[in-house]
Amino acid sequence: MDTQERTINTPDFTAGDALQIATYQVLAQDGTVIPGAVVPELDEAQALKIYRAMVFTRVLDERMLAAQRQGRLSFYLQSTGEEATTVGFAAALDDSDMIMAQYREQGALAYRGFSVEQFMNQLFGNDLDYGKGRQMPIHYGSKDLHYMTISSPLATQIPQATGYAYGQKLAGNKACTVTVFGEGAASEGDFHAALNMAAVLKVPVIFLCRNNGYAISTPSSEQFASDGVAPRAVGYGMKSIRIDGNDVLAVVKAMQKARKLAVEQNEPVLVEAMSYRLAAHSSSDDPSGYRNKAEEDKWRAKDPILRMKNWLLKQAWWDEAQEKQLYESIRPQVLEAMKRAQQRPSPPLEALITDVYDRPPAQLEAQLEALRSHLDKYPEAYPKSAGGAARG
Amino acid sequence: MANMNLLQAINNALDIAMASNDKVICFGEDVGVFGGVFRATSHLQEKYGRDRCFNTPLVEQGIIGFANGLAAQGSVPVAEIQFADYIFPAFDQIVNEAAKFRYRSGNLFNVGGLTIRTPYGGGIAGGLYHSQSPEAYFAHTPGLKIVVPRNPHQAKGLLLASIRDPNPVLFFEPKRIYRASVGEVPEEDYELPLGQAEILQEGEDISLLAWGAQMETVEKAAAMAQKEGISCEVIDLRTIVPWDIETVTRSVMKTGRLIVSHEAPLTGGFAGEIAATIQERCFLYLESPIARVTGLDTPFPLVLEKEYMPDHLKIFEAIKQSVNF
Ligand SMILES: Cc1ncc(C[n+]2csc(CCOP(=O)(O)OP(=O)(O)O)c2C)c(N)n1
C-alpha cells in the first residue's frame with residue numbers, strides 16, 4: 001500500500017479519536033431483533049446448542065467457585081457475563097478451526113463438546129488430566145477439539161496464532177485460527193507484533209478481543225487512551241469490527257463474516273466484543289476494592305444468557321419447563337463429576353520429569369531416582385505420592 | 001517497634017521512601033487504587049497522588065522500558081512486576097538496557113535509581129507460571145544487583161537500601177511468606193547493607209546457605225539436625241549479586257562443609273556459582289563435597305509441588321550425608 005500518494009500543505013494532524021468505531025448489535029435485552037439489523041443464519045438446533053453451552057458454563061462457574069470457597073479447589077476463574085462471546089464465537093467456526101484462548105473461554109470448549117468429566121479432571125489435576133496435573137485449574141487444552149492448551153503468561157498466544165494460521169494457509173487448509181484475549185492483554189507487545197505480522201503476511205487469523213472493562217483492578221480507562229482496541233487493527237492495515245459482546249446473534253454473525261474473510265481471502269480480522277466481567281477476576285480477587293455494585297448491577301441487567309433466552313422464547317424454540325429441566329440436569333452432572341474427579345489418584349511421580357524433553361535425559365532420570373528413594377524414607381510427608389497412588 | 005508481616009514491611013518501606021524523596025515513583029499493573037494484587041502498594045496513591053503511584057497498562061516490557069527512561073532522567077522508579085514469572089517480557093529492557101546503561105555510555109547516563117520489585121517462589125499451589133525463582137538468569141548479567149529478603153525486618157531495611165542504591169536493583173519478594181512471616185520491625189527509617197550475608201545461627205559441623213523463603217526451610221532442617229547432635233551454621237545470603245564471598249568462605253573454613261539450597265532448578269542455578277567459588281577458596285578445608293538441594297531440572301509442577309520442593313526433609317538428609325561422608 002502506498003501511503004505517500006496524497007499530500008497536504010497545511011500541518012493538519014489526524015486526531016487520536018478520529019476513528020470512532022460503532023458497535024454492532026442485533027438483539028435488544030428483551031429478546032427482540034432490532035429493526036433492520038442483519039441477523040445470522042442460525043437454525044433451532046444450533047441456537048439451542050449455543051444456549052445449552054452458555055447455561056452449562058454459567059452453572060459450572062457457580063459450582064466451581066463454590067467448590068473453591070469450600071477449599072476443594074485451589075483456584076477458579078469465572079466467565080460470568082461473557083458467555084455470549086465465549087460460546088458464540090465458537091459456534092461461528094468450523095470445529096477444526098484452531099482456538100488459542102486466554103483463560104476465560106470455557107464456553108467455547110463446552111460448545112465443542114469438552115465433557116464435564118474432562119473439565120473436572122483438569123480442575124482437580126488428577127491422573128486423567130491431559131495436562132498431567134502441572135498447570136493451575138482452568139488451564140484446559142484439547143487436541144481433539146482443536147483447543148490449544150492455555151498458558152498463563154498473557155498475550156503469548158496471539159503471535160502464535162498468527163504463526164499457526166500462516167501454517168494452515170501454506171498447508172492449503174480451508175481453516176482459520178481464532179485467538180482470544182482480554183483488552184488488558186492487548187497492551188502487551190505480543191499483541192502488536194501479532195497484528196502487524198498477520199496483516200503483512202496476509203494470514204487467516206481472527207483476533208477476538210473480549211473487552212470486559214477490567215484487567216484485574218485496572219479499568220480500561222487506565223489501560224488505553226484510544227477508542228478501545230478495535231481501531232488499532234485498522235492502524236495495522238486490517239479489517240476490524242466492534243460488537244455487543246452480550247448479544248449472541250451479533251457475536252455469531254460478526255464471527256461468521258470474519259471467518260469468511262480469513263478463510264476465503266486470507267485476511268486477518270479483529271473483533272472487539274464489548275462486555276463486562278460480572279464476577280471477580282478470579283477466586284483470589286475481591287472487586288469491591290476497585291469498583292462499585294451499582295456499576296455491576298447495570299451490567300447484570302444486560303445478562304447475555306437472559307437476552308438469548310428472551311429471544312428463544314420469542315422464537316417459540318424454548319419454554320420455562322425446558323429451562324427448568326436444563327438447570328436441573330446440569331447441576332447434578334457437575335456435582336457427580338466433581339466427586340468422581342476428586343476421588344481419582346494424582347498423576348504418577350514420573351509426570352514430574354516427562355515432557356520436559358521428548359525423553360527424559362539421564363540427569364532427570366537420576367533426579368527422579370533420588371527423589372523416589374527420598375519419598376520411600378518419608379512416605380507420610382508426601383501424601384500425593386504416598387502409598388503407591390502416584391507411583392505408577 | 002511494630003508488629004508487621006512481610007507485605008506490611010514492604011508497604012512501610014515504600015511509604016518512607018516516597019515521603020523522604022519526592023523523586024520516588026511507584027507503578028505497575030494494579031498498583032494504583034487497588035494497591036497491587038498482593039496489596040504491597042496499598043494507600044500509596046491516596047497519600048502521594050496519581051502522579052507518583054499509578055496503574056500502568058498491562059505490558060511488562062513497557063513498564064521496565066519506561067522505568068529505565070524515568071531513571072535516566074533522574075527519578076527513582078520502583079516498578080512492580082506482578083509475578084516474577086512475568087518478568088520475562090521485560091528481559092531485554094533489564095539485561096540489555098538497565099544492566100548496561102552506565103557501562104555503554106561511559107557513565108554519561110545511568111539508571112541507578114531503578115528498583116524492580118517482584119514476588120517470586122513456589123509452595124503456593126501456583127503451578128508452572130506462579131512459582132518460578134528466576135534469580136539466576138539475572139545473576140549472569142553484570143550491572144544488576146539482586147536482593148532477596150527473608151522476613152519483614154530484612155524486607156524493610158533491604159528495600160530502602162535498594163531504592164537508594166545507585167545501581168539498578170532487582171528485589172525478589174518471597175510471596176509464600178508474604179503474610180505468614182510476621183515480626184518486629186522498627187518504625188523509623190533504616191537500611192540494611194546490600195552485599196552482606198547474615199549469620200542467623202552459629203554452628204560447628206556444617207554451613208547451610210540459602211535466601212528468601214528458603215531460609216525458613218533451612219532453619220527447620222537445622223533444628224532437626226540439632227536433635228541428632230549436628231551443629232549447623234545457618235547463613236542468609238540476602239544479596240545474590242554481589243554476593244558475600246567472605247562471610248561464606250569464613251564459615252566453611254570453620255565447619256568444613258556446605259549445603260546451598262534454592263527452589264530454582266539445579267542446572268545453572270546460583271548454588272552452582274557458590275559451590276565453584278567456595279571449592280576454589282576452601283578446597284583444603286572441605287571435609288565433604290559441597291551439596292546442592294534445589295528444585296528439579298523441570299518446570300515447576302502443580303499437583304506434585306511438595307515432591308518438587310527442596311523441603312526441610314531433603315535438606316536434613318543432605319546434612320546427614322555430608323556429615324557422614
Ligand atoms: C505477562 C503477564 N503479566 C501479568 C499477568 C497477571 N495477570 C493475569 S490476568 C491479568 C489481567 C488480564 O486482563 P485482561 O487481559 O483484560 O483479561 P480479563 O481477565 O479481563 O478477561 C493479569 C495482569 C500474566 N498472567 N501475564
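Q: How many salt bridges does the rule find across the interface of chain B and chain A?
A: The rule finds 2 across that interface, a salt bridge being a side-chain nitrogen of Lys or Arg within 4 Å of a carboxyl oxygen of Asp or Glu. This is a predicted model, in which local features need pLDDT of at least 70 and side-chain atom pairs count only at pLDDT 80 or more, while totals for chains, interfaces and linings use all residues. Residues are numbered from 1 along each chain as its sequence is written, chains are lettered from A and ligands numbered from 1 in the order in which they are written, and side-chain values use heavy atoms, with hydrogens and water left out.

Q: Which residue forms a salt bridge with B:Glu317?
A: A:Lys377 does, and the closest N and O atoms are 3.1 Å apart.

Q: What area do they bury between them?
A: About 3,400 Å², with 63% of it on carbon and sulfur atoms. Buried area is the accessible area (1.4 Å probe) that two parts lose on being put together, summed over both. B:Leu58, B:Val303 and B:Glu307 supply 20% of the area that chain B buries against chain A, more than any other three residues.

Q: Switching to B:Thr56, where is it found?
A: In chain B, in the loop between strand E3 (53-55) and H3.

Q: Buried or exposed?
A: B:Thr56 has a relative accessible area of 7%, so it is buried (under 20% is buried, over 50% exposed, in between partly exposed; 1.4 Å probe, protein chains only).

Q: What is B:Thr56 in contact with, neighbours within four places in sequence aside?
A: On chain A, A:Thr218 and A:Glu222; on chain B, B:Phe27, B:Gly28, B:Glu29 and B:Ile63.

Q: How many residues has the largest nonpolar core?
A: It has 114, and A:Met255 and B:Ile319 are among those with the most contacts inside it. Such a core is a set of buried Ala, Val, Leu, Ile, Met, Phe, Trp, Tyr and Cys residues joined through side-chain atoms within 4.5 Å. Helix H1 (residues 44-69) of chain A gives the most to this core, 12 residues.

Technical notes: Helix = DSSP H or I, 4+ residues; strand = E, 2+ residues; numbered from the N terminus. Contact = heavy atoms within 4.5 Å.
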